[in-house]
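I opened the notebook to record what I looked up in this model. Chain folds come before side chains.

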Amino acid sequence: MSKYIGRKLLQFLIIMVITSVIIFIMVRLSKTDPLTAIVGGKQTSAETLEQLKIKFGLDKTFVQQYFSWIGGLFRGELGMSFKYQISINELFADRFPITIGLVLLSTIIALVIAIPSGVLAAVKKNRAADRIISIISVFLAGCPPFFMSLLFILFIARYLPSYQFTGGYSNFREYFLRILAPSIALAFTMIALACRITRASMIEQLNAQYTQTAVSKGVTERQLVWGHNFRNAVIPVLSVVSVQIGGMIAGSVLVENVFSLSGLGTLLIDSIKTSDYVVVQDITMLMVLIFMVISTLVDILYALIDPRIRAN
Amino acid sequence: MKIKKLVALILACALILSFSAIGSVSASEAGSSDTLTWVLIGDITGLDPTQSYDDITNMVTNQLYQGILTYDTSVDSNLTPDIAESWEIVDELTYVYNIKPDILFSDGAPMTMEDILWNLDRQMDPANASLVGWMFDCVESIEQTGDWQFTVKLSYPDATFQYVLGTSAGYIMEKAPWEADGTVIASGPYAMESRVTGSNIILKKNEYYANADNVYFDRIVFNVIGEDTTRVEALSTGQADFATNPPFDMLEQLKADPNVAVTMFDTFGVDFVAMNTQRAPFDDVNVRRAVASAIDVNTIYDSLLVDICGPSSGLPFNASLYASIGDPAEWAAYADAYKEYTYDVEQAKAYLAESAYPDGFTCSLVVPESSVLNSEALFIQATLAEIGINVEINKIPQNDVYAIQMGTTWDAENDCRDFDMGFFTWYADFPDAAGTLIPNYLSSNAAPGGCNVSGYSNERVDELLMDQTTKTTAADRMPLCMEALDIIGEEVPVVIIDYPRQGALQNISLSEVPLNASYMWNLSAAGMMRN
């Protein structure tokens, strides 16, 4: 087992290094000159442009810039933003709570709605409840978060004008209220996905032989569904949801923008627009890291559960 | 069983908090009598005066800082003393500033001459890469010449230097806190309370501000709202009080909103189509004349720009800058008679026939990603097709347009900017026409880092433009500028499309805010109040 874990960790490291090189190169493929973005089309001088280059290390070779960035990451220094001219660690500290809150709350909302609905749809397969849930699920899957967010804003502005959809927060209650509506908008797609997977997985369990045995032994329907079938059915749902969480960070970009929330998503988009290289590199690496950590942990967990994986 | 209880608990908490959200009163203080909520369309770059050079950042820094000078809110944007008590142009190379001796920073510390000279040195020190450092290019020395006086000596005459200390280049902050840990302590009407990047900036009233009685709000909350719909709804519901940069495609909706007042005002800006005079085919003056004659500027204006721009007179600056370089009435008369290539397809064809490309050619037109500009580009594409010029529209991000304008993207083969034709905008930094003429038409500004986007070069124009900067009176500068404009008009490196206007949106609960073209330097919350 330790050999297997060692191999997985080595793979993890190699992929992270290769990805960091790819990200570093791709960010620099943008035609937008970061100095132009800093000056913003206003009058300047060649001397100022030169000094800005030195200030942000853009006068160094690509290789020097890469090792300077990677070295900083290992020391926990994320670098300096061209646009804000402050440490990216500070930017991340400001932005992280919003993105994490959005992703976690929308995941909770999605699971709380999707799992019972999926189970109900499976238990009531091909009956009215199943059909209604399926239709709603298809509708939710077709609702882009950006569009839903705009509808939410218009709805709130008209019918709940006292609900704060702009501005910051100063305590947990305000924080929760600020991320509640955007989390609901962000949760829609995951609700649809998790509901459909739960339904399919539950149907499989309901048709399994052990279910017939349990019924014949007189187990109540409630005990059977929640005590036996659901426990087996939930594993693939959680696998898919855990991978989706990484995607949600990217998906939160548009929701953050509409609700004027300052998360990592908006920071990423702003930084791409202004060729704020190091910020783009850091956020992209963070996303890759989250994907890789989840994926590696899942691989290790599978190996712990299933000896055949270890053997192979 | 434990899992079920946990799920039930989470559900219950979520429901309670959801209902409390719906029933709650706004968490922000927007609309309250002592807090002004001001919407920004993007985040600020920072609070350091050396980086305070855009119309988002300056909305915040204008509240924190006092400048040596400032601009009043009259149509002419007259220079007035702020930290200075008085100032004088002794001769074309010598400017003397007398400072008020009793100014206090927001921490109660007195402002000293050391603070003032240190701030000016910071702006001029290349190591700080100040975005307004170029404004000091003509400065030879700045020295203290009295207890509360300093003198600026120029190395060559530059009439526009008088305006420099009315911009962020003249902002003064306290030296010690900045040097200790980068804290900004200044003497403006408000002081920094907190900031969350990308989200909000909160300022509190500066009790030590000299004119504190004129400051009616105890706090300002700047909220960053990039999305147009959200910004408009925030103003409409009263979650925000004030904003600039209205979304033009929502202007009609905003004007119809009873909760929002829309004010449009002139800027020092000009929108134009530039032709790259440094490479074929636009190095041929007759091609440029043909293009200028084929573009129906009036129809473009009437169809697309009436609400958001002023109509073109053909001059590269609008009427708000006439007074800076002479008698406005004389300038108005000059503008009426100015050589303008009015729409005339037959004349355009005649010019093209005289050029090296009588059968026409294909070229590209660079357009920033904007719906209005895209419509203008399509219009120009259609009209130029009538004379045999095939235009390929190339939509690019605004930052890439800036790169062309500043010459940071370069055509190495032809040693010039890499474009044929393009839409560009220029805003003069000062209420002075030279702030448009010199950057856009002086040949030395065609080099990388300069903003002479068309690469225009004419020795006589260079001579006239440099000569007018040596004059300290507007009347002396007027004939020189007019002669330069005569030549530029004949050689037509650019086609002036319009003069962009700026807009302010305010919730009707707010009293009228005085606005003029110097808003980037003088838009202040001091004086703003609720009705």
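**Chain A, overall.** I took helices as DSSP runs of H or I with at least four residues, and strands as E runs of at least two. The model is predicted. On that basis I found 13 helices and 0 strands in chain A. Read from the N terminus on, the elements are α-α-α-α-α-α-α-α-α-α-α-α-α. I then looked up the extent of chain A. Its C-alpha atoms fill a box of roughly 85 × 60 × 35 Å along the principal axes. Chain A has 312 residues, and 49% of them are buried. I also checked the contacts in chain A between residues at least 6 apart in sequence. Of these, 76% join residues at least 24 apart.

**A helix pair in chain A.** How do H10(A) and H11(A) cross, and at what angle? I looked at helix H10 (residues 221–258) and helix H11 (residues 264–273) of chain A; their axes come within 7 Å and cross at roughly 90 degrees. Angles of 65 to 115 degrees count as roughly perpendicular, so H10(A) is roughly perpendicular to H11(A). From H10(A), the contact uses A:Val253, A:Glu256 and A:Asn257. H11(A) brings A:Leu264, A:Gly265, A:Thr266 and A:Ile269. I sorted the residues of this contact into 3 nonpolar, 3 polar and 1 charged.

**Aromatic groups in chain A.** I noted one aromatic cluster formed by A:Phe24, A:Phe62, A:Tyr66, A:Phe67 and A:Trp69. Next I looked at A:Arg28. Its charged end sits over the ring of A:Phe24, 3.8 Å from the centre. The charged end of A:Arg28 also sits over the ring of A:Phe62, 5.9 Å from that centre.

**Aromatic pairs, then chain B.** I picked out B:Phe136 and B:Phe161. B:Phe136 lies in the loop between helix H3 (113–124) and strand S6 (139–146) of chain B, and B:Phe161 in helix H4 (residues 161–164) of chain B, so the pair ties together parts 25 residues apart in sequence. I found both B:Phe136 and B:Phe161 buried.

I went on to B:Tyr163 and B:Phe430. This aromatic pair is stacked, with 5.7 Å from centre to centre and 15 degrees between the planes. B:Tyr163 is in helix H4 of chain B. B:Phe430 is in the loop between strand S19 (421–427) and helix H14 (434–441) of chain B. The pair links distant parts of the chain, 267 residues apart. B:Tyr163 and B:Phe430 are both buried.

Terms used: Residues are numbered from 1 along each chain as its sequence is written. Chains are lettered from A and ligands numbered from 1 in the order in which they are written. This is a predicted model: local features need pLDDT of at least 70, side-chain atom pairs count only at pLDDT 80 or more; totals for chains, interfaces and linings use all residues. Side-chain values use heavy atoms; hydrogens and water are left out. Axes are lines fitted to C-alpha atoms, for helices over the stretch in contact, and angles run from 0 to 180 degrees between N-to-C directions. Angles under 35 degrees count as roughly parallel, over 145 as roughly antiparallel, 65 to 115 as roughly perpendicular and the rest as oblique. Contact means heavy atoms within 4.5 Å. Ala, Val, Leu, Ile, Met, Phe, Trp, Tyr, Cys and Pro count as nonpolar, Asp, Glu, Lys and Arg as charged, and the others, Gly among them, as polar. Buried means under 20% relative accessible area, exposed over 50%, partly exposed in between (1.4 Å probe, protein chains only). Rings of Phe, Tyr and Trp (its six-membered ring) pair if their centres lie within 6.5 Å; planes under 30 degrees apart count as stacked, over 60 as edge-to-face and the rest as tilted. A charge sits over a ring if NZ of Lys or CZ of Arg is within 6 Å of the ring centre and within 35 degrees of the ring normal.
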